[in-house]
Amino acid sequence: MADILTLAQGAGCFATLLTAVEVAGLTGALASPGPFTVFAPQDSAFAKLPPGTITTLVQNPPQLGRILTYHVVAGRWSQADLKAVPYVESLEGSRIWIDGSHGFEVNNATVVAADIEADNGIVHILDTVMLMGR
Amino acid sequence: MILEVQAKIPPSKHRYAEIIHRLEAGGSMLPDSPENLMQIIGIYKAYAVPMDFYWRDLLYIAEREFLNPLPFFKYFLPQEYLDLPNHYAGETADLRIWRGGATAHPELLEFMAKGETGKLPRILHHLWHDRINMEFAEACMRAMLWHRHMCAPFNKFDAYLDTPEYRSNCDRAIRAYFAKNPLMMGLYRAFPEMFMEQCRQASYYSNLGLFWEVMAPVFFEMSDIYDEGGFNGVPDAMNFLVNGIFAVAGRPIYHHVYIDGQCMEIIPKSKGFTWLYEAALPYVEAVFYRTAPFRGTKSYNAQAKQVPEHQADFHFGILYADVFPVGSAGIPPTLLMQDMLHFLPPYLEEFYQQRCRGEEDKLIQLGITFQRSMYNVTSAVIQALRAALFYPLDDPNPHHLQANRRFFETQMDRFLRPEARLMDIQTPEYR
C-alpha cells in the first residue's frame, strides 16, 4: 500500500491540493507515519472558490496551512466510524461536523468517494473545500 | 444577478420571510432600487477616503507609537505612512482590487492640507477638530477589544493574546521600547498587567488597520465601477463584496512593532491568523451589531436592564442605531458622519440638498444612507458565510436548501428586536 501523498499523486484529481500542500510545507507531514484521516478536496472543489481566494492563500503559506490542516484529523476514521459521531476535531483545532442522514456529508461537503486506504491513514474525497465556522 | 427561486421548499414563516426569500434569491437585505444603489455606492466612496487615513494611522499607532505614555501626536501621520503602499491597490499590489494608486488618496491629502478652514498649521487643524476624526477609528478598535472572546473558538487571534508566547513577545518589546526610560520600566515591574493590556490594545490597532487596508480599495473600486455604469443593481454591489471577502480571506493578520528601526514581531504572520476569521468577522460582530451605548446619546438605566446583562446581547451598532440622537458632537458615529461629509460625490450631495431639510440635516441623511449601506455589507457577509459554510442558492438538494433557510432565519432573528432598522430601510421614505 502507498502512503497518502503517493496515493494522491497517482489519483490525477488532486493537482491543486498537492500544490497547496507543497506551498504550505506540509508534504513531509502527509508522508509521515500518522495515521491521519484526510478529507481531500478534488480539483473541481478548489475551482468553485471565487477568484483570488487561492492566490491570496498561496501568497501566505501559514494561512494556507491552516485551511489545509482543517481537512486532516488524527487517527484512522472510516466512513462507519465517522457516521457514529456528531463531529471530529481537526488538526487545525476546529470541529468538522458529520452528517450521515442523507448520504455521507462533512460540513457542507459531500464525500464523493470514501474509505480509500493508505499506509499512513485513510482518505475521503470531497466535492467542496471546507471552511471553519460552522 | 437574481436567481429564479424554484419552489423546492415551502415558504418561510419567519416575520421577515420576504427578506429571507430575497436572500435565497441572491439578493440583499437592502431592496434593489436605483436610488438605493446610488446612495450606498456614494457613501462607500465618502467612507473610503477617511478610511484611507484610518488604516494608515491605526498601523502607525500599533507599529510606532506603541506604548507611548504621552501620545499627543499619534494622529499626526508621518509622510512614510501616507506613502505606505496599500497591498490591494496600485502597481505593486499583492492582489489589485482598486485600479487607483497605492499611496494616500489625493482627496485625503487635499483635505489634510486645507480642511474646512483653509491652509493653517497642522496643530491648529488638530485642535480645531478640522481634520479626520481618528477617534471614530479608535472607538471601533475599542469595541473589538472590549467584546473579546465574541468569535471563539474560530477567532484564534484573540485567544493568542492570553498565551505565554504572546506575553513573552510583549515583554521583549516593552523592555526594548522603554530601554532608556527607567520610570516606565519601574512602572512595568509594578503593574505588568496594565502594560500587557496596553499591548493587547495595540494589537487590536494593528488588527483593525489591516482590516481596513482592504476595505478602502474595495470601496474605491466599487465607486469607479458605478461611475462607469458597471453595477446593474444592489445585488451586483453585494456580490462584488462577497467576492472581495473570499479573495482576501487568507490575508495575514499580525502585529509588528518597530523600535529603533528594528522590527519586533509581537504577533508573527506565521501564526496563520487570517483577515476573515480574525478581523472581518469580529469587526462585523463588534461594530455592526454590538458596540456599546455611546456617552451623550441617551440615558440608559442599567438597573432597569436597559443595558443588557450579557455582552452578546448588546445591540448598539449601526444596524440598530437611531441616527438622530446619535448626531451630537463627539459621539463616534457622528465623527464618522462628519468625516464622510467632506468627501461626498456630487450626485449624493445633490440628492441630500433636494430632500428633507437640505443642507441643515445632511449629517442625519448621510447617516441613514450609511445605515442602508451597512445593511448591504452585512448582507454580503451573510451571503459569504452561506457560501463558505452552507450550500449554493441553486442547490438541487432540498435538505441543503432547508439548511440555507435555517441559516438565513437565524441571521434574521438578530433583527427581531425593536431597535433594528431592517424594516425602516425597506422604504425610501426612511431618511
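Reader: Leaving aside its neighbours within four places in sequence, which residues is B:Met340 in contact with?

Author: In this predicted model, B:Met340 is in contact with B:Ile43, B:Ala46, B:Tyr47, B:Pro50, B:Leu366 and B:Phe370. Each of those counts as a contact because the two C-beta atoms lie within 7 Å.

Reader: What makes B:Met340 part of a nonpolar core?

Author: A core of this kind is a set of buried residues such as Met, Leu or Phe, joined through C-beta atoms within 7 Å. B:Met340 belongs to the largest one, which has 165 residues. B:Met340 is also listed with B:Leu58, B:Leu208, B:Phe211 and B:Ile245 as having the most contacts inside that core. Helix α2 of chain B, residues 34-65, gives the most to this core, with 18 residues. As a general point, nonpolar side chains in soluble globular proteins tend to be buried together.

Reader: How do you know how far to trust chain B?

Author: Go by the predictor's own confidence. Chain B averages a pLDDT of 93, and 97% of the residues score at least 70. For the complex, the predictor gives an ipTM of 0.95 and a pTM of 0.95.

Reader: Over to chain A. Why is chain A called as compact as a globular protein of its length?

Author: Set the two values side by side: the radius of gyration is 14 Å, and the globule rule gives 14 Å for 134 residues, so chain A is as compact as a globular protein of that length. Its secondary structure comes to seven helices and seven strands. As for burial, 46% of the 134 residues count as buried, and the cut-off there is 20 or more other C-beta atoms within 10 Å.

Reader: What makes β2 and β3 of chain A edge strands?

Author: β2 (72-74) and β3 (87-89) each pair on one side only. The open sheet runs β2-β1-β7-β6-β5-β4-β3, with mixed pairing.

Reader: And how do you know that β6 and β7 of chain A pair?

Author: Pairing takes at least two bridges. Strand β6 (residues 109-118) and strand β7 (residues 121-126) have five, in the antiparallel sense, so they count as paired. For an example, find A:Ala113, whose bridge partner in β7(A) is A:Ile125.

Reader: Last one: how many residues does the contact take from each chain, and what classes are on the chain A side?

Author: There are 23 residues from chain A and 24 residues from chain B. α5 (53-59) and α6 (61-69) of chain A each supply at least two residues of the chain A side. By class, that side has eight nonpolar, 13 polar and two charged residues.

Note on methods. Residues numbered from 1 in each chain as written. Chains lettered and ligands numbered in written order. Predicted model: local features only at pLDDT ≥ 70, side-chain atom pairs only at ≥ 80, totals over all residues. Helix = DSSP H or I, 4+ residues; strand = E, 2+ residues; numbered from the N terminus. Rg over C-alpha atoms; globule rule 2.2 N^0.38 Å. Buried ≥ 20, exposed ≤ 12 C-beta atoms within 10 Å, placed from the backbone. pLDDT = per-residue confidence, 0-100. Nonpolar A, V, L, I, M, F, W, Y, C, P; charged D, E, K, R; others polar.
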